[in-house]
Amino acid sequence: MVSSIQVMEEGPLHTNEVHSPVNRGVNLDTLINVVDLTKYIPDEPIDRKTMLRFVREKLGNKLIEETADKKAIISLPKNSRQIRHVAGSKLYKALNYPPNKKWKIRHQASLLNVSQLIKNSVLIESEPNHKSKEKHAAARYHHFYLPIKVRDKLYTARIVGEEMNDSKKIKPIDVKLYDVIIAKKGTSSTATQGDLRVENVPFRITIAEMLKNVKDSNDQPYVNHVGLSNICYTVLDEIMECIFWRFPSKWPHWEAVIISIIISFELSAEI
């Protein structure tokens, strides 16, 4: 079921809407801690064997952390194949492509401080295992997000966890770490520029800002910052074309009025 949440910022034309498979109860106004990974950034990429040894020895049975929203407890899987996947990531080929050196370094820094990432993350989306024939043990995949900072740049981190068939219906959700994925490009608003320039000073941003330009499991944006779903834009264009084509000077005014009415009656969630 599609979840639709609206958060008013500066009036009806500055609405954030979630129109994607977001879990119920996600509030775009919720403030999330920004985790600073700057001191964990290695000077050079860590080789594969060293990274795998770190995951096995330093995390191993020690990694058992609860998420910030208390929805899940995440631990490292026991299976050696799954552990190698955590160390290497499903983006292994892309991360090891020479031009992506800085991206790979950020990914490795996230594993070096994965405990803090988990403790500051929130559950945004859950989906069933669509590859159950290949992966028999996993029942669902859960996507946790948090904002991270590297020097003066803001990124979004996604923690992917597997809920196993033998742990279904346990609350908080018993999740095995599957992957940690850092956005390749950073995004930040003018509201956080000052915070990003200051070192060692914690700050928070909203879930809405964290999910800006982030795509869901269906490869669609989580947050629509104007407040209308794609189909509503189509309907709006049809209305404007049919009614106001003779009066182009009045188009901007009436477009704003119609958007306001649609949002007020929450038609974007109904259509």
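Colleague: Why is serine 75 called buried?

Modeller: Buried means under 20% relative accessible area, exposed means over 50%, and partly exposed lies in between (1.4 Å probe, protein chains only). Serine 75 has 8% relative accessibility, so it counts as buried. Before we go on, note that this is a predicted model, where local features need pLDDT of at least 70, side-chain atom pairs count only at pLDDT 80 or more, and totals for chains, interfaces and linings use all residues. Residues are numbered from 1 along each chain as its sequence is written, and side-chain values use heavy atoms, with hydrogens and water left out.

Colleague: Where is serine 75 found, and what does it touch?

Modeller: Serine 75 is in strand β6, residues 72-75. Helices (H or I, at least four residues) and strands (E, at least two) are DSSP runs, numbered from the N terminus. Serine 75 touches Leu63, Ile64, Asp174, Val175, Lys176 and Leu177, not counting residues up to four places away in sequence. A contact means heavy atoms within 4.5 Å.

Colleague: How do you know that β6 pairs with β10?

Modeller: Two strands pair if DSSP finds at least two bridges between them. Here 4 bridges join β6 to β10, so they pair, and they run parallel. Isoleucine 73, for one, has aspartate 174 in β10 as its bridge partner.

Colleague: Which way do β9 and β10 run?

Modeller: They run antiparallel, joined by 6 bridges. Alanine 157 stands opposite isoleucine 182 in β10.

Colleague: What makes β10 largely enclosed?

Modeller: Of its 10 residues, 8 are buried, so β10 is largely enclosed by the rest of the structure. β7 is joined by 6 bridges to strand β8, residues 138-150, and the two run antiparallel. Glutamate 127 has tyrosine 141 in β8 as its bridge partner.

Colleague: Why is α4 called largely enclosed?

Modeller: Because 9 of its 12 residues are buried. Among them are Trp103, Arg106 and Ser110.

Colleague: Is serine 110 buried or exposed?

Modeller: Buried, because its relative accessible area is 0%. Serine 110 touches Leu37, Leu117, Val180 and Ile182, not counting residues up to four places away in sequence.

Colleague: What makes lysine 101 and glutamate 44 a salt bridge?

Modeller: A salt bridge is a side-chain nitrogen of Lys or Arg within 4 Å of a carboxyl oxygen of Asp or Glu. Their closest N and O atoms are 2.9 Å apart, so the pair qualifies. Lysine 101 lies in helix α4 and glutamate 44 in the loop between β4 (35-36) and α1 (48-59), so the pair ties together parts that are 57 residues apart in sequence. Lysine 101 is partly exposed at 36%, and glutamate 44 is partly exposed at 48%.

Colleague: How many salt bridges are found in the whole structure?

Modeller: The search finds 3. Glutamate 66 and lysine 70 form one of them, with closest N and O atoms 3.8 Å apart. Aspartate 152 and lysine 153 meet in another, at 3.5 Å.

Colleague: Why does lysine 70 count as exposed, and glutamate 66 as partly exposed?

Modeller: Lysine 70 has 56% relative accessibility, so it counts as exposed. Glutamate 66 has 32%, so it counts as partly exposed.

Colleague: Which elements give two or more residues to the lining of the largest pocket?

Modeller: β7, β8, β9 (153-164) and β10 (173-182). The largest share, 6 residues, comes from β9.

Colleague: And how much of the protein counts as buried?

Modeller: Of its 271 residues, 45% count as buried. Its secondary structure comes to 10 helices and 12 strands.
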